Structures are given as C-alpha cells and as structure tokens.
Amino acid sequence: MKLLACAGLLIFCAVFHVLIQRPPQLPDILAFLQGQGEADYPMIVFRDATLPRTLMALLVGGALGIAGSLMQQLLRNTLAAPTTLGIASGAWCALVAGTVFAPPVAVAFGFWFAFAGGISAALLVLAIAGPRGMAGLPAILAGMAVNLLFAAVAQALVLVENQRVRDLGLWAAGDLQQNGWGEVTALAPLALILIGMSFFLGRPLSLLRLGTETASGRGLNLALYAPIIAGIAIALTAGAISLVGPIAFVGLLAPNCARLLGARTALAELLGALVIGATALLLTDALAIWVSTMTRDIIVSGVVAPLLGAPVLMLILLRRRLADVRPSLEFVSRFRMRGTTLSVLLSIALVAIGIAALFLGRTETGWIWAAPDSITISFRWPRVLAAVMAGLALAAAGVVLQRLLRNPLASPEIVGISAGAGFAVALATVLTGSVIADPRPIAILGALAAMSLLLMILRRGTHSALGIIMTGIALAAMLDAGLGLAISTGGDEVYTLLGWLAGTTIYADEDTALGLMLSVSILFAILLVLARWLDLISLGPAVAIGRGLNAPLAQLCLFTVAGFLVALATAAIGLAPFIGLVAPNLARLIGAGRAREHLISAALIGACLMVFSDWVGRMLVYPIQIPAGLTAAILGGAYFIVVLRMRSTH
C-alpha cells in the first residue's frame, strides 16, 4: 500500500514538474500532437526542453536510487552509496581528466570514462577496507578518503586547465537542463536495461541479506553475482554522471527511505528505491526551477539536492540514538622516542623545509638557490609563515578531535568542521557576488555552526563513529552545494573562490601571516595547558569523571578551541584536507604518547607537511601554481590510503 502511494506521488510529482515549467495550455498541446497546431516557440520549448527534462529527472533519480539499493544490499551496509564509496568522485575525476587530455575521445565516450573512474574508485575502496570491511564503517571511511583524493585531483585539473574545462561548470554542479532529446535517448536504453536486469537479481540479493557465508552455503556463486551487481550499480551511476553530473544523496537516502516505508524484501526495496529516487529528484529539480525564476542566475538541481538531503540526514541522525560503532583500524606506535628528542628532530626538519621553501626554486632556466635578499624574503616569508601556522592549527585540531572522539580516523574534514567554514565563505561569495575581502569572521561562524551540529549528534549518539561520519558526509555535501551554486553563477569570482578554497597561500600578506601566527599561538598554548584534560578524556568519559574532571565542560571547551583553530586556518589559506588526519597519526606512529607530546609532534609534522605541500605546488608544474591544499590532499590522501590498506590487512 505504501509503495502504491509512492507510485501515485511519483505521477503527481511528474505532472507538477511539467507544470512548474509553464507549458502551453492543454488544448494547444493536444492540437499539436494531432498535427493541427503550430510549432511556435512555447511549443518547441515544451517539446525539446520541458518533456526531456522531466524524463531525465525520472531516469536519473530512478537509476541512482537503484544503484544505491544494489550497493547497500550487496554490502549489507546501509551507508553505502555512489557518493559515500567515492564512486561518484572517481567518475567525475575520470571525466575531467578525459576532457583535459583527450577532449574528442571524452565527448564521444564519456560514459566509458565515467565507468572506468567509478570502477577504479570501487576497487580502491575494496583494496583499502578489505572484503570484511565492506559491510561496515571501514568501507565508508575508505570511501571518504578516496572521495577526497579524487576530488582533489579533479579540482587541481580544473584550476590548472580552467580555460579548457570552463564548460564543465554547470555539469560539475549537477544540471538536468535539456536541449533536445539526445541525452534522454542516450541514457534511456542503458538505464532501462540495467534497471530491468536488477529486478532479475531478487534471489541473489535475498540470499546476500543472510550473509555471504550463508549465501554461499545455499549455492550462491558470489564470484559471479557480486561483480554483476556491483557492475550494474556502477554503470547506472556512470551513465547518470556522464550526462547530468554528480547529484548527491539520492542513492543514499532512497533505499533507506524505502526500508522505512516498509520494504522488507530485496525486490520491494529495489522498487521502493526506484520510485523514491525518481520522486525525490523530480521535487528537487522542481524546486531548482522555481528558485531560478526568482533569481538572475540558473540554479541547478545538483545544488539543491544536498541542501535538501543534508538536513534530512541530520534530522534522521538527531532523532535516532546511534550505536557506538568503532572502526577496526588502529594506529599504534612502531617505536618509542623521547618527547624532547622527537620535538628537536621535527623542529630541525621544519627549519630545513622552511629554508628550502624560502630560497630553493625554479625559473625558466632551471633550479636556482636564491640569495637571501630582501625582495625574495618579502615575497615568500608571509606564505611560508601562513603555511606553518595553518598546518600547525589543523594538526592540533586533529589531535583534539581524535582524542575526544577516541577515533584515530577523526579529523576536521571528516567530521565536517572544515566543510562548514568553507560552505559559509562560498555562500557569502555567491550572495554578495564577489570574493569576501576578509573571510575569517564568516569562516569562524561556519566552523562553529558545524561544530554545534557535531556536538548535538554526539549528545545523541554517545560518541558514535557512525554519527560523526554521517555528519561529515552531510556537511561536505553542503559545501559541494555551495561550490556548485558558485560555479553555476559563472562569474569571474568563481575561480578565485575555487583557488582559495583549494588551500592557497598566494593571498597571504604580512598582516594575514602575523595575525594567524598570533591567534594560533594563543590557542595552541591553551591546548598545551589543557593537555591533562585530553589525556583523561581519551581514556573515556567515565574515567575522566572518576578523576574529578567535568567531562562535558572539558569536551565543550576543547571542541571550541579546535573549531577556532580550523576556522582560522581555513580563513587564512582555505581548505587543506588530510593535514589534520595524517599529522596526528604520523605523530603516534613515530612515538608520541601523552597528549602534550602528541600535540607538539603533530603540530610540527603538520607545519612541515603544509610548507612542503606549498613548495611542491609552486615548483611541480612551474610557472603554474597548484594550491597547497590540493597538493596536501593528493600527497596526504595517497599516504593515508596506503596506511589504511596496511592496517586492514592485519
């Protein structure tokens, strides 16, 4: 009955989607279909834009809903989706790379580029998490790492080759607009065949619900069916992304909503995900059309989807008391070194890297060692100092988050604090129509808002790793929506915004660098004073309270300091993924134990990584400069994927 109601809602939404595009009067349409009316401009728009757009929304929404359901049933993981497993980012990265390096081939074979990228991302997640980890949180964590890595590579290509890929702007934001029936007729056969094939997989999917061992014991050939199911899901995702771009949340929410509405069997869930996915995208696109009529810019549905989906996801998280799920991956020290010795060695490394960043560089004639002159120093020292302090701030915030949440995979970008700061600045840029002169206050507000949401989730979920990760996914998707909205406006400020959010020190002047140094130094000193709190809380709230610590107050204070550190670093140089994740874990691997040692070691490592990333970004493809944040994301993401893989094999 509920599914029938959903089907009725789908028909209503399809009609509403057509009507909101202001089609001609029904008698005129009927006369035109009978060959009696004239093909005037309104009728041509109805025939070649309105109807194709409605059908495209139906196809893409249904395809993504089915893809999400197939992934969740195959992996027995309710968090699995094209976005959470990095498949969408892999497809996008492959298409961007194809557009940059082989434009004619990418245009002719866009689906196969996207399919190859999606397959690569899926195999990488499988290699990281391992077969046993695909059913739980390790797969989602691996998917987030892969997502950050592929997104960084794609964004680097967009910034370096922006003149060649400017036309990807609306597509990258997720655009359902149609100019004829070409894309619909290209997607429809593929989507309908693959969706039809998925409904013949009822028995294998039903057996997989019992577990892989039980399914194998009952005669299911996993080596045959698992690749088929995964291949159909990835192909549906690739087909949708190659034509309309990435659209978040449909593949994640549609199957979960189908189960909430009573779908108990494999086929019922598939049907429910199909109907709900199509309905959700129709409503999303209708809202985008309505908003576009009231603004000077076109608002694409890929922007609206996460803005609607993220609050829904947050509401679900707030209404449910989430299980206290722990990741199975642990980062332990390989050897022990005294804290003083470790700090001295890391300080020496930071000084060496800083000197190289100041004086070692490239010109048109090759590598040179610049003499310590006033001109060189005046241009470079603010960038180096800003990189040092930003890396220190992000690493220190990562230590706080990992110890408070007792989760070695927590970091500013994974829990969403960085995304909150970036989203606030992106939204302000769109609303004002220009890059904000001083984004620091706005970034601080965005980071604090994200941190408040995280605290609400933590209160509900008792430090649930699931709640933390889903909060990060929701906030990161909202950041993508803000960026997509900025991209869809098409103004010149877009690429300045993208460059800033990518983590660049190019805009760091003397005042910015010195202000960042002063504020970060004060906050870092506060953390050192509160190091004992971190030691106690990392043992668990019960132990901390037993030792006389007011755990809730201490947690609030430490979260606030971490949020301000992230906000200040983001406001100064933009987003720099993986610094706050890699630096604390590297510090633990080389022997940092207690909170004070951990903070100091991770801060020095973070500073080294950020300065090195900034220097590599300036020198790698000289004279083009790759933002330090993207370089850090690529280097840190590659390292972190290797570490995750090493831990998952133990």
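**Burial, spaces and salt bridges in a predicted model**

Of the 650 residues of the protein, 57% count as buried. The model is a predicted one.

Colleague: How many helices and how many strands are there in the protein?
Modeller: The model is predicted, and its helices and strands are numbered from the N terminus. The protein has two strands, and the number of helices is 30.

Colleague: What share of the contacts between residues at least 6 apart in sequence join residues at least 24 apart?
Modeller: A contact here means heavy atoms within 4.5 Å. Among contacts between residues at least 6 apart in sequence, the share that joins residues at least 24 apart is 80%.

Colleague: How many charged residues are in the lining of the largest cavity?
Modeller: The largest cavity has about 100 Å³ of space. Among the 16 residues that line it, Leu-64, Pro-82, Thr-83, Ala-88 and Ile-247 are closest to its centre. The lining has 12 nonpolar residues and four polar ones, and the number of charged residues is none: no charged residues.

Colleague: Are Asp-285 and Arg-53 buried or exposed?
Modeller: These two residues form a salt bridge, with their closest N and O atoms 2.7 Å apart. Asp-285 lies in helix H15 and Arg-53 in helix H3, 232 residues apart in the chain. Buried means under 20% relative accessible area, and both Asp-285 and Arg-53 are buried.

Colleague: Why does Asp-535 count as buried?
Modeller: Asp-535 forms a salt bridge with Arg-594, the closest N and O atoms being 3.5 Å apart. Arg-594 sits in the loop between helix H28 and helix H29, while Asp-535 is in helix H25, 59 residues apart. Arg-594 is exposed, with a relative accessible area of 57%. The cut-off for buried is under 20%, so Asp-535 counts as buried because its relative accessibility is 16%.

Colleague: What is the N to O distance in the salt bridge of Asp-48 and Arg-47?
Modeller: Side chains of opposite charge can pair when their charged atoms come close. Asp-48 is partly exposed at 22% relative accessible area, and Arg-47 is partly exposed at 33%. Their side chains meet in a salt bridge with an N to O distance of 3.1 Å.

Technical notes:
Residues are numbered from 1 along each chain as its sequence is written. This is a predicted model: local features need pLDDT of at least 70, side-chain atom pairs count only at pLDDT 80 or more; totals for chains, interfaces and linings use all residues. Side-chain values use heavy atoms; hydrogens and water are left out. Helices (H or I, at least four residues) and strands (E, at least two) are DSSP runs, numbered from the N terminus. Buried means under 20% relative accessible area, exposed over 50%, partly exposed in between (1.4 Å probe, protein chains only). On a 1 Å grid over the protein atoms alone, a cavity is a set of points where a 1.4 Å probe fits but cannot get out, and a pocket is an open set with protein on both sides within 12 Å along at least five of seven lines; lining residues have an atom within 4 Å of a point. Grid points are joined across faces, edges and corners, and a volume is the space filled by probe spheres set on the points. Ala, Val, Leu, Ile, Met, Phe, Trp, Tyr, Cys and Pro count as nonpolar, Asp, Glu, Lys and Arg as charged, and the others, Gly among them, as polar. A salt bridge is a side-chain nitrogen of Lys or Arg within 4 Å of a carboxyl oxygen of Asp or Glu.
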